[in-house]
Structures are given as C-alpha cells and as structure tokens.
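Here's a quick tour for anyone who likes to start with side chains.

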Amino acid sequence: MTPRLNPMATAPEVMQSMIGLEKAVTNSGLESSLIHLVKMRASQINGCSFCLKMHSKDARAHGETEERLYLLDGWREAPIYSEA
C-alpha cells in the first residue's frame, strides 16, 4: 500500500509540535496505561484502523488487558475503569 502523504514532508512544523506534545504527555506523570487507552479511544472516535492497530499493540505491550481494550468503546458503563 502506498502512503497518501508524508506528514513530515507536508507539514514539518505541525509534526514537530505533535512530537513535542507526545513528549509532554509522556513526561506528565499520567499512568502509561491511561495514555494508551486515551490514544486508542481517540483512534476509535476518528475511525482510523491504522492507529487502532498501532495503539492496541502498544497498549498490550505495556500490560493493558484484552478486556479493557474490548470494553473501551463503552468505558462509561464498564466497571473495570477507574475514575481517572
């Protein structure tokens, strides 16, 4: 599959800002599992299959459970998530 665009070549200043945001989030003190769940939820909302695959793989690699990944779309009703 040929990529439709190269974000770093198309909008390098935007990508640098995104890299800075990622660093800030990583160093924020938030739990790694929460960060991965937020990224995955955003990907669900955006409907991006590439990002869903990437973020679910990353979440699993950092110890996230299958159950929490499967129930993420209904997180408000699922009792397995904390207040955070």
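Which residue forms a salt bridge with Glu22, and how far apart are the closest N and O atoms? The partner is Lys39, and the closest N and O atoms sit 2.7 Å apart. Here a salt bridge is a side-chain nitrogen of Lys or Arg within 4 Å of a carboxyl oxygen of Asp or Glu. This pair ties together distant parts of the chain, with Glu22 in helix α2 (residues 12-26) and Lys39 in helix α3 (residues 32-46), 17 residues apart.

Before going further, a word on the ground rules: this is a predicted model, where local features need pLDDT of at least 70 and side-chain atom pairs count only at pLDDT 80 or more, while totals for chains, interfaces and linings use all residues. Residues are numbered from 1 along each chain as its sequence is written, and side-chain values use heavy atoms, with hydrogens and water left out.

**The overall layout**

The chain has 5 helices and 0 strands, where helices (H or I, at least four residues) and strands (E, at least two) are DSSP runs numbered from the N terminus. Read from the N terminus, the elements go α-α-α-α-α. The C-alpha trace spans about 45 × 30 × 20 Å along its principal axes. Of the 84 residues, 19% count as buried; buried means under 20% relative accessible area, exposed means over 50%, and partly exposed is in between, using a 1.4 Å probe and protein chains only.

**Salt bridges**

A search of the whole structure turns up 4 salt bridges. Among them are these:

| Pair | Closest N and O atoms |
|---|---|
| Glu22 and Lys39 | 2.7 Å |
| Arg41 and Asp73 | 2.8 Å |
| Arg68 and Glu64 | 2.5 Å |

How exposed are the partners? Glu22 counts as partly exposed at 34% relative accessibility, and Lys39 is partly exposed too, at 22%.

Next comes the salt bridge of Arg41 with Asp73. This one also links distant parts of the chain: Arg41 is in helix α3, Asp73 is in the segment after α5 (66-70), and they are 32 residues apart. Arg41 counts as buried at 19% relative accessibility, whereas Asp73 is exposed at 53%. As for Arg68 and Glu64, both are buried.

**How α3 meets α4**

Two packed helices are described by the angle between their axes and the distance between the axes. The axes of α3 and helix α4 (residues 49-61) come within 9 Å and cross at roughly 160°. These axes are lines fitted to C-alpha atoms, for helices over the stretch in contact, with angles running from 0 to 180 degrees between N-to-C directions. So α3 and α4 are roughly antiparallel to each other, the label for angles over 145 degrees.

On the α3 side, the contact (heavy atoms within 4.5 Å) is made by His36, Lys39, Met40, Ser43 and Gln44, and on the α4 side by Cys51, Leu52, His55, Ser56, Asp58 and Ala59. Lys39, then, takes part in this contact as well as in the salt bridge with Glu22.

**A look at Ser43**

Ser43, found in helix α3, counts as buried at 4% relative accessibility. Which residues does Ser43 contact, leaving aside its neighbours within four places in sequence? They are Cys48, Cys51, Leu52 and His55. Gly29 is another matter: Ser43 and Gly29 are 14 residues apart in sequence and 22 Å apart in space, C-alpha to C-alpha.

Key
Parallel < 35°, antiparallel > 145°, perpendicular 65-115°, else oblique.
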